[in-house]
Amino acid sequence: MLKDITFGQFFPGKSVIHRLDPRVKLILSFLYIIVLFIASNYISYGILLGFLIVSITLSRLNLKVILRGMKPLVFIVVFSSILNLLYTPGDVLVEFWVFQITTQGLITAGYMILRILMLITSTFLLTYTTSPMMLTDAIERLLKPLNKIKVPVHELAMMMTIALRFIPTLIEETDKIMNAQKARGADFESGNLLKRAKALIPLLVPLFVSAFRRADELAVAMECRCYNGGEGRTRMRQLALKSLDAYTVLISLAIFTASLAFSTFLL
């Protein structure tokens, strides 16, 4: 299960999506999520789904990688859909005990599943096609106006990117510790929920120790390189918008506007 968590990983490539300015990808991802939550009918969802499929195709990412990243989130998707299925009022289709399944509940559950999957996939697409360094630069550039009110934008962007970068590392470390504990006779899968929670204690302690050790090593490495924040720092690669970014923004905004229009006028 741990090996299926791919969030935070970066897959280098030369596709159209990889070549986009990271600021454009961040803004479009944010707008996509907003429009996705506003969508209210099958036409608007269909437009956004088609946009996502085209984006995945252009990114040249292996579909198996994206589907594998969905596995750890199956419980959240199923749990959310069951809640919407059983507790949405409307025309009753099936009734048992104190629960009712309604037509509106089926529709809402279907939309909820589609929304969660599309939301997660769009987030995966951003991290898979954007390196942590480029993501840091994009966040810092977009938040740069906050420097005027003494907000430490560079430090915030650095912390966010380091946290994102260390997700795969911590997952790999957790997997190693679990295998070592299993070799010593630990059992993480049998028993009730309370026993499984207790079995995780031998896993959490060395994981926290390892995380703090890595954080200390990173801090020492930054100090040895005379890191003192973003003041006066230069960048090897300067971000610059290109014609590809402009066309992508225009096409994306047109698609988002169409989805919003169908959501507003076809209620």
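Select D21 and R23, at the start of helix 2 (22–38). A side-chain oxygen of D21 comes to within 2.8 Å of the backbone nitrogen of R23. Helices here are DSSP runs (H or I, at least four residues), numbered from the N terminus. The model is predicted: local features need pLDDT of at least 70, side-chain atom pairs count only at pLDDT 80 or more, and totals for chains, interfaces and linings use all residues. Residues are numbered from 1 along each chain as its sequence is written, and side-chain values use heavy atoms, with hydrogens and water left out.

Next, colour the chain by pLDDT, the predictor's confidence in each residue, from 0 to 100. The mean for the protein chain is 81, and 90% of its residues reach 70 or more. Confidence is highest in helix 2, at a mean of 91, and lowest in helix 9 (residues 193–199), at 70.

Now select the whole of helix 2. Its 17 residues reach 24 Å from the first C-alpha to the last, close to the 24 Å expected at 1.5 Å a residue; the expected span is 1.5 Å times one less than the number of residues. Among its buried residues are L26, L28, Y32, V35 and L36. Buried means under 20% relative accessible area, exposed over 50%, and partly exposed in between (1.4 Å probe, protein chains only). The buried residues of helix 2 pack against helix 1 (16–19), helix 3, helix 6, helix 7 (132–142) and helix 11 (243–265).

Move on to the largest nonpolar core, which has 23 residues. Such a core is a set of buried Ala, Val, Leu, Ile, Met, Phe, Trp, Tyr and Cys residues joined through side-chain atoms within 4.5 Å. Select Y32, L36, L48, M118, Y128 and F256, which touch the most other members. Helix 2, helix 3, helix 4 and helix 6 (103–129) each supply at least two residues of this core, and helix 6 gives the most, with six.

Which residues does L48 touch, not counting residues up to four places away in sequence? L48 touches Y32, V35, L36, A39, M118, F256 and S259, where contact means heavy atoms within 4.5 Å.

Then select R60, in the loop between helix 3 (42–59) and helix 4 (63–70). Its phi is near 60 degrees, a positive value in a residue other than glycine. Most residues other than glycine have a negative phi. R60 is exposed, with a relative accessible area of 69%.

Finish at helix 10 (residues 201–224). The buried residues of helix 10 are L203, L207 and S210. Just after helix 10, C226 takes a positive phi of about 60 degrees.

How values were computed
Polar contact = N/O pair within 3.5 Å; in protein donor to acceptor, adjacent residues only side chain to side chain.
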